[in-house]
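Trainee: Could you take me slowly through one part of this model, the place where neighbouring helices pack together, and tell me how the packing is described?

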Amino acid sequence: MTTELTPELAATIEAGFSRRDRENMQPTIDFFEALLVEHPDNPYVLYEVGGSYDTAGQEEKAVGFYEQALPGLSGETRRKCLLQYGSTLRNLDRFDDSLDVFKKACAEFPESDSLRVFKALTLHAADRKDKALASLLLVIADRLETPEIKRYEAAIRGNAEYLANL
């Protein structure tokens with residue numbers, strides 16, 4: 001079996017994902033588990049199985065699928081998997097592991113605002129609230145292009161640096 005994301009497999013994954021019901025994830029879990037039988041060890045299918053368990057609140061189970069998927073993923077799917085994996089580790093109170101994932105993910109995908117925001121959530125959950133706020137201030141300074149923010153950008157960045165170093 002291939003570990004690639006063929007157009008046919010991508011269409012099948014999209015069809016399964018589009019029928020997802022967050023209130024009842026079991027049909028989605030069953031769909032992706034069956035797809036994994038057809039495509040064993042395919043990282044894209046492993047990622048979707050993990051995401052299904054994660055959405056269903058079965059984070060412990062999701063972690064293993066994310067870990068199996070990550071080495072074979074690339075691009076946008078890899079970024080999404082890293083975000084979900086780091087977030088799941090946070091939900092399991094594995095804050096150091098989560099921060100390690102987000103540190104590496106942010107280095108790999110430096111333009112990803114969502115990774116930076118979810119890293120801030122982990123910092124907050126780890127009771128590093130000053131660093132969490134500093135991270136969010138930098139996202140604001142980097143991405144919010146309003147005249148007001150631009151006028152106070154230096155002050156926002158200065159406060160972010162101050163908070164990060166507390």
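Mentor: H7 and H8 are roughly antiparallel to each other, where angles over 145 degrees count as roughly antiparallel, under 35 as roughly parallel, 65 to 115 as roughly perpendicular and the rest as oblique. Please keep in mind that this is a predicted model, in which local features need pLDDT of at least 70 and side-chain atom pairs count only at pLDDT 80 or more, while totals for chains, interfaces and linings use all residues. Residues are numbered from 1 along each chain as its sequence is written, and side-chain values use heavy atoms, with hydrogens and water left out.

Helix H7 covers residues 113-125 and helix H8 residues 129-143, helices being DSSP runs (H or I) of at least four residues, numbered from the N terminus. Their axes come within 7 Å and cross at roughly 160 degrees; an axis is a line fitted to C-alpha atoms over the stretch in contact, and angles run from 0 to 180 degrees between N-to-C directions. H7 passes H8 in a left-handed crossing, that is, the near helix is turned anticlockwise from the far one by less than a right angle. On the H7 side the contact (heavy atoms within 4.5 Å) is made by Asp113, Arg116, Val117, Ala120, Leu123 and His124, and on the H8 side by residues including Lys129, Ala132, Leu136, Val139 and Arg143. The residues of this contact divide into seven nonpolar, two polar and six charged, with Asp, Glu, Lys and Arg as charged, Ala, Val, Leu, Ile, Met, Phe, Trp, Tyr, Cys and Pro as nonpolar, and the others, Gly among them, as polar.

H7 also packs with helix H6 (residues 95-108), at an angle of about 160 degrees and with the axes 10 Å apart, so H6 and H7 are again roughly antiparallel. The crossing of H6 and H7 is left-handed. Phe95, Ser98, Leu99, Phe102, Ala105 and Cys106 in H6 meet residues of H7, among them Leu115, Phe118, Lys119 and Thr122. By class, the contact of H6 with H7 has nine nonpolar, two polar and two charged residues.

For Cys106, the nearest cysteine sulfur, that of Cys81, is 15 Å away. Cys106 is buried, with a relative accessible area of 17% (buried means under 20%, exposed over 50% and partly exposed in between, with a 1.4 Å probe and protein chains only), and Cys81 is buried with a relative accessible area of 0%.

Terms used:
Helix = DSSP H or I, 4+ residues; strand = E, 2+ residues; numbered from the N terminus. Disulfide = S-S within 2.5 Å.
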